[in-house]
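Colleague: Walk me through this model, please. Keep it simple.

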Amino acid sequence: MIRLQQDDFNVTTLVEAAKSRETGAIVTFIGIVRDDGIECMELEAYHEVAERELAVIRDEAMKEFPLHSVDIIHRTGPLRVGDNIVLIVVSAGHRKEAFLGCEYIIDRLKQTVPIWKKEYLKDSSRWVGGEERHGHS
Amino acid sequence: MIVRIKAFARFREIIGSENTLDLDEGTPVLGALKNLSAGSKDFRDACFDREGTIASHVVLMINGKRISGRDRESMVLHDGDELAIFPPVAGG
């Protein structure tokens, strides 16, 4: 499953759905709103492109590593400290490829998928700087 | 020709999420962005560096595909294209 959504996700449901008789390892990554002195944050996305790029990253990961399944759910809209932002569920036959696949996916997501965060502090707000490479390449 | 401009994050805050430009056939990306700059100093300051070239941190897409490299300014737009402009991404 690849999806952008406002609602929270159910981790247990997705982990159970990722299991098969061949599954030996499932690695999950959950990104969470950290308290950096903020009141809340707003996530914005270029929806149609973001979902397409998430699917590309899933396909890249499955080509690079022997994974059985990949699910990525990214939330948009207003979020508070402690709220879930993103869930990645990677299933594989063995732990090593599951860990590597999951790390690959979150690193690529942060570099390329058009999603932005605006943090709201008590008296101000700020856009979060990204990890995308700058410049003409 | 009609070109749709989609702006995100701080660019959206300056010019709104969606604009439609009626441009001459063969207008390049630079021309479309200068057209938008004519109506907004804030947009011009956010989009261009002091030399008048598109700032290196500005990310551009045509029809959902990134355009990069030194020639991105001169890429020609076509009727019905969607040009997206945004800052570096920060998801996850």
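Modeller: One term to begin with. Buried means under 20% relative accessible area, exposed means over 50%, and partly exposed lies in between (1.4 Å probe, protein chains only). By that rule, 51% of the 92 residues in chain B are buried.

Colleague: And what share of chain A is buried?

Modeller: In chain A, 45% of the 137 residues are buried.

Colleague: What should I know about where this comes from?

Modeller: The model is predicted: local features need pLDDT of at least 70, side-chain atom pairs count only at pLDDT 80 or more, and totals for chains, interfaces and linings use all residues. Residues are numbered from 1 along each chain as its sequence is written, chains are lettered from A and ligands numbered from 1 in the order in which they are written, and side-chain values use heavy atoms, leaving out hydrogens and water.

Colleague: OK, chain B. How many helices and strands?

Modeller: Chain B has three helices and five strands. Both are DSSP runs, numbered from the N terminus: helices are H or I with at least four residues, strands are E with at least two. Along the sequence of chain B, the pattern is β-α-β-α-α-β-β-β.

Colleague: Why call chain B compact?

Modeller: Its radius of gyration is 12 Å, close to the 12 Å that the globule rule gives for 92 residues, so chain B is as compact as a globular protein of that length. The radius is taken over C-alpha atoms, and the rule is 2.2 Å times the number of residues to the power 0.38.

Colleague: What box do the C-alpha atoms of chain B fill?

Modeller: Roughly 35 × 30 × 25 Å, along the principal axes.

Colleague: What about contacts across the sequence in chain A?

Modeller: A contact means heavy atoms within 4.5 Å. Take the contacts in chain A between residues at least 6 apart in sequence: 75% of them join residues at least 24 apart. In chain B, residues 24 or more positions apart account for 52% of the contacts with a separation of 6 or more.

Colleague: Back to helices. At what angle do α2(A) and α3(A) pack?

Modeller: At about 145°, with the axes of α2 (residues 47-64) and α3 (residues 95-112) 10 Å apart. Axes are lines fitted to C-alpha atoms, for helices over the stretch in contact, and angles run from 0 to 180 degrees between N-to-C directions.

Colleague: Which residues of α2(A) and α3(A) meet?

Modeller: From α2(A), Glu53(A), Leu54(A), Ile57(A), Glu60(A) and Ala61(A). They meet Tyr104(A), Ile105(A), Arg108(A), Leu109(A) and Thr112(A) of α3(A). By class, the contact has six nonpolar, one polar and three charged residues. Ala, Val, Leu, Ile, Met, Phe, Trp, Tyr, Cys and Pro count as nonpolar, Asp, Glu, Lys and Arg as charged, and the others, Gly among them, as polar.

Colleague: Zoom in on Tyr104(A). What is Tyr104(A) in contact with?

Modeller: Leaving aside neighbours within four places in sequence, Tyr104(A) is in contact with Ile57(A), Glu60(A), Ala61(A) and Phe65(A). Tyr104(A) is partly exposed, at 24% relative accessible area.

Colleague: New topic: Val58(B). Buried or exposed?

Modeller: Val58(B) counts as buried, at 1% relative accessibility. Val58(B) sits in the loop between α3 (41-47) and β3 of chain B. Beyond neighbours within four places in sequence, its contacts are Phe11(B), Ala46(B), Cys47(B), Arg72(B), Ile85(B) and Phe86(B).

Colleague: What is the phi of Asn63(B)?

Modeller: Near 50°, and Asn63(B) is not a glycine either. Asn63(B) is in the loop between β3 (59-62) and β4 (65-67) of chain B. At 42% relative accessibility, Asn63(B) counts as partly exposed.

Colleague: Last one. Where is Gly129(A)?

Modeller: In the segment after β8 (125-127) of chain A. Gly129(A) counts as exposed, at 65% relative accessibility.
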